[in-house]
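Here is a brief report on one protein chain. Keep the sequence and the 3D view open while reading.

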Amino acid sequence: MTHTTQKVARPTTSAPPARGRSRPPRKVLLGRRLTPWLFLAAPLALLITFTYAPVANMIAYSFTDWDGVSPELHYTGTENYVDIFTRKELFQVFLVSGYYLAASAVQIALALYFATVLSFNIRFRNLFKGVLFFPYLINGVAIGMVFLYFFQDGGTLDSVLGLFGHESDRAWLGTSTSANVSLAGVSVWRYLGLNFVLFLGAIQSIPGDLYEAADLDGANRWQQFRYIIAPGIRPVIGLTVILSISGSLAVFEIPYIMTGGATGTETFVIQTVKLAFQFNKTGLASAAAVVLLLIILVVTWVQRRLVPDEKVDLV
């Protein structure tokens, strides 16, 4: 007699249906959407109040003959802009910016050189970093007063030259060329630290493995700069060029303190300030400020078109 065992299939129990995720309440969703705007409310209010609103008022004043004091102002159309572009003495002050453009090129080259050298392991590099960046921390008015005594007749510069047997009777701020060269040199000394820090931070962000591979391949310092550092910091170089060009067109602090715009050192911004506060031509000064803003925007746009940002991949 054989016994057969039959397996009885047990009914499979179905898993309980998964509960769908309940949507958060409407108030929670609304709060999540409004939270970022609440954090941005204060910065946006400050930006609109102290940047965009004054710019809008400046553009409106540029079409009037307002003197900055009288409560009455009259609409003059584009008369102020016609004066700026037709009166030679109002627009030729841009030629002074050429000295500062040349100084900016020297400044960028020096900053890039020092940043490259101090990015490697050399003695006293932290001391040199502090020495280069320190002038940027000093107030511009103080720098102007110090260098005013530095360049005066019989001042510090003449005394130093006298130690080397060179007796100078030159008035360093007495002629247009020497004054502009001297002022541009002061600007280089002051803003060198800013570009130096930007370049140094960009160089230090490059992976160290690339330098090690370059050392193994026998690359010298110049080759490392040419094929690793320069391509790696290209976006920062473009940024410094934009800042240098815009800064050269809007120079004000140093020449205003040291010469007041005399001896052919008047810049476009100094002229604009004088139009507004010395000659009470706020409408014309506003138009000049708008022209300067447009020129800076056009120069920046052209530079960005000629040298567009590209993603840097050194690996």
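## An enclosed helix

Eight of the ten residues of helix 13 are buried, so helix 13 is largely enclosed by the rest of the structure. This is a predicted model. The buried set in helix 13 consists of Phe268, Val269, Ile270, Gln271, Thr272, Lys274, Leu275 and Ala276.

What do these buried residues pack against? Their partners are helix 3 (88-91), helix 11, helix 12 (253-258) and helix 14.

## The chain as a whole

The protein chain has 14 helices and zero strands. Of its 315 residues, 32% count as buried.

The exposed surface comes to about 21000 Å². Carbon and sulfur atoms supply 64% of that area.

## Helix 11 and its cover

Helix 11 covers residues 234-249. Its 16 residues, at 1.5 Å a residue, should span 22 Å. The end C-alpha atoms are 23 Å apart, which agrees.

Which residues of helix 11 are buried? They are Gly238, Thr240, Ile242, Ser244, Ser248 and Leu249. Their cover includes helix 4 (97-118), helix 8 (176-204), helix 13 (268-277) and helix 14 (282-306).

Two packed helices are described by the angle between their axes and the distance between the axes. Helix 11 packs with helix 14 at an angle of about 155°, and their axes are 10 Å apart. That makes helix 11 roughly antiparallel to helix 14. The crossing is right-handed. On the helix 11 side, the meeting residues are Gly238, Val241, Ile242, Ile245, Ser246 and Leu249. Helix 14 brings Leu292, Ile295, Ile296, Val299, Thr300, Gln303 and Arg304. Gly238, Ile242 and Leu249 are also among the buried residues of helix 11.

Helix 2 (residues 79-86) also packs on helix 14: the axes come within 9 Å and cross at roughly 65°. That makes helix 2 roughly perpendicular to helix 14. This crossing is right-handed. From helix 2, Asn80, Tyr81, Asp83, Ile84 and Phe85 take part. They meet Gly283, Leu284, Ala287, Ala288, Val290 and Val291 in helix 14.

## Leu157 in helix 7

Leu157 sits in helix 7 (residues 156-163). Is Leu157 buried or exposed? Its relative accessible area is 17%, and the cut-off for buried is under 20%, so Leu157 counts as buried.

Leaving aside neighbours within four places in sequence, Leu157 is in contact with Phe150, Phe151 and Trp172. Phe147 lies ten residues from Leu157 along the chain, and their C-alpha atoms are separated by 9.4 Å.

## Positive phi in two loops

Thr263 lies in the loop between helix 12 and helix 13. Its phi is near 50°, a positive value in a residue other than glycine. With 34% relative accessibility, Thr263 is partly exposed.

Asn280 belongs to the loop between helix 13 and helix 14. Asn280 is not a glycine, yet its phi is positive, at about 55°. Its relative accessible area is 41%, and Asn280 is partly exposed.

Key
Residues are numbered from 1 along each chain as its sequence is written. This is a predicted model: local features need pLDDT of at least 70, side-chain atom pairs count only at pLDDT 80 or more; totals for chains, interfaces and linings use all residues. Side-chain values use heavy atoms; hydrogens and water are left out. Helices (H or I, at least four residues) and strands (E, at least two) are DSSP runs, numbered from the N terminus. Buried means under 20% relative accessible area, exposed over 50%, partly exposed in between (1.4 Å probe, protein chains only). Accessible areas come from the Shrake-Rupley method with a 1.4 Å probe; for residues, only the protein chains shown count as cover. The expected span of a helix is 1.5 Å times one less than its number of residues. Contact means heavy atoms within 4.5 Å. Axes are lines fitted to C-alpha atoms, for helices over the stretch in contact, and angles run from 0 to 180 degrees between N-to-C directions. Angles under 35 degrees count as roughly parallel, over 145 as roughly antiparallel, 65 to 115 as roughly perpendicular and the rest as oblique. A crossing is left-handed if the near helix is turned anticlockwise from the far one by less than a right angle, and right-handed if clockwise.
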